[in-house]
Amino acid sequence: MIGITGATGQLGRLIVKKLLAKVPASEIVAIVRDPAKAADLGVVVRKAEYDNPETLDAAFAGIDTLLLISSNEFGKRAAQHANVVAAAKRAGVKLIGYTSILHADTSEIGLAVDHRQTEADIRASGLPFVFLRNGWYTENYAGSIPGAVAGGALIGSAGEGKISAASRADYADAAVVALTSEGQAGKVYELAGDTAFTLADLAAEISKQTGKVIPYNNLSEADYAAALASFGLPEGLAATIASWDVPISKGALHDESHTLSKLIGHPTSPISEVVTQALKG
């Protein structure tokens, strides 16, 4: 039995869909907060909440391989993940996978702090593990593309930092390989896109596809945060997002190992595909 937490999220749904091509539906368990949202997945569905260990115990019963898709509740997720790890140990899970962040052990991106803690908790548990250290999703930039076209410029604070991003589908393919292949225990995969790009490169691609000149304007962290807040983002979230760009400017999301494409057996999706989809509306 393979259990997937957060199975109704964008990444979780892709993983379940791709697993169905390799594993019988009766052997896949979608572990979700709201079972109604999982009714269309076509697999076994169990309700559980990261904050409620008793629900986790029931949801993990009989699970051999568990994928912990990281929570998006910043400020709470390290504790939530710890609950999952403890429940997985109680359930006798034979392999736990975890979606971490690229170069989690050294990354200066603020998000990495929780990921380092969860990786440490998993190691301390003694459970066999496989870490999927995912880089940025190309889709992370989809939302900024229409605004860049409307405003006449792409903005950020990432300077000339190279970003080795890949699509959610690429990372989902990697998860399926890790969950269904032998000899995964102890593996730590640094997963990133084949072709790195800067935000200036992204702006150039937007310009190419629109026929308009869309430059990249590199702002200070404070000015970028203020700009994001002016677009309607809460000030705290705007400041957090802007803070991520500073380590990105120093190469935090750059990786040329091609581990991801080697693992999944095909090239990763280029940023041009996201631009095309975003421009279609």
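Guide: Let us begin with one residue. Asn52 sits in the loop between β3 (44-47) and α2 (53-60). Helices (H or I, at least four residues) and strands (E, at least two) are DSSP runs, numbered from the N terminus. The model is predicted, so local features need pLDDT of at least 70 and side-chain atom pairs pLDDT 80 or more, while totals for chains, interfaces and linings use all residues. Residues are numbered from 1 along each chain as its sequence is written, and side-chain values use heavy atoms, with hydrogens and water left out.

Visitor: Why is Asn52 called partly exposed?

Guide: Its relative accessibility is 29%. Buried means under 20% relative accessible area, exposed means over 50%, and partly exposed lies in between (1.4 Å probe, protein chains only). Asn52 therefore counts as partly exposed. Its C-alpha atom is 8.8 Å from that of Gln80, a residue 28 places away along the chain.

Visitor: Is Ala58 buried or exposed, and how do you know?

Guide: Ala58 belongs to helix α2. Its relative accessible area is 54%, so Ala58 is exposed.

Visitor: What makes α6 largely enclosed?

Guide: Of its 13 residues, 11 are buried, so the rest of the structure largely encloses α6. Among them are Arg168, Asp170, Tyr171 and Leu179.

Visitor: Which residues have the most contacts inside the largest nonpolar core?

Guide: They are Ile4, Ile15, Leu19, Leu67 and Leu191, in a core of 34 residues. A nonpolar core is a set of buried Ala, Val, Leu, Ile, Met, Phe, Trp, Tyr and Cys residues joined through side-chain atoms within 4.5 Å. Elements giving two or more residues to this core include β1 (2-5), α1 (10-19) and α6 (168-180). The largest share, eight residues, comes from α6. A second, separate core has 29 residues, including Ile109, Leu111, Leu199 and Ile271.

Visitor: What does Leu191 touch?

Guide: Contact means heavy atoms within 4.5 Å. Leaving aside neighbours within four places in sequence, the contacts of Leu191 include Leu102, Leu132, Tyr171, Ala174 and Leu263.

Visitor: Why is α7 called oblique to α11?

Guide: Their axes come within 10 Å and cross at roughly 50°. That value makes α7 oblique to α11. Angles under 35 degrees count as roughly parallel, over 145 as roughly antiparallel, 65 to 115 as roughly perpendicular and the rest as oblique. Axes are lines fitted to C-alpha atoms, for helices over the stretch in contact, and angles run from 0 to 180 degrees between N-to-C directions.

Visitor: Which residues make the contact between α7 and α11?

Guide: On α7 they are Leu202, Glu205, Ile206, Gln209 and Thr210; on α11, Ile271, Ser272, Val275, Thr276 and Leu279. Thr210, at 25% relative accessibility, counts as partly exposed. Its C-alpha atom lies 9.6 Å from that of Val275, 65 residues away in sequence. Not counting residues up to four places away, Thr210 touches Val149 and Leu279.

Visitor: Where does the chain go after α7, and what is the phi there?

Guide: Gly211 follows α7, with a positive phi near 75°.

Visitor: What makes α3 and α4 roughly parallel?

Guide: The axes of α3 (residues 77-91) and α4 cross at roughly 20° and come within 9 Å. α3 and α4 are therefore roughly parallel to each other. Residues meeting there include Arg77, Ala78 and Val85 of α3, and Asp114, Thr118 and Ile122 of α4.

Visitor: What stands out about the phi of His103 and where is His103 found?

Guide: Its phi is near 55°, a positive value in a residue other than glycine. Most residues other than glycine have a negative phi. His103 is in the loop between β5 (95-101) and α4 (112-125). His258 also has a positive phi, about 60°, and is not a glycine. His258 lies in the loop between α9 and α10. With a relative accessible area of 31%, His258 is partly exposed.
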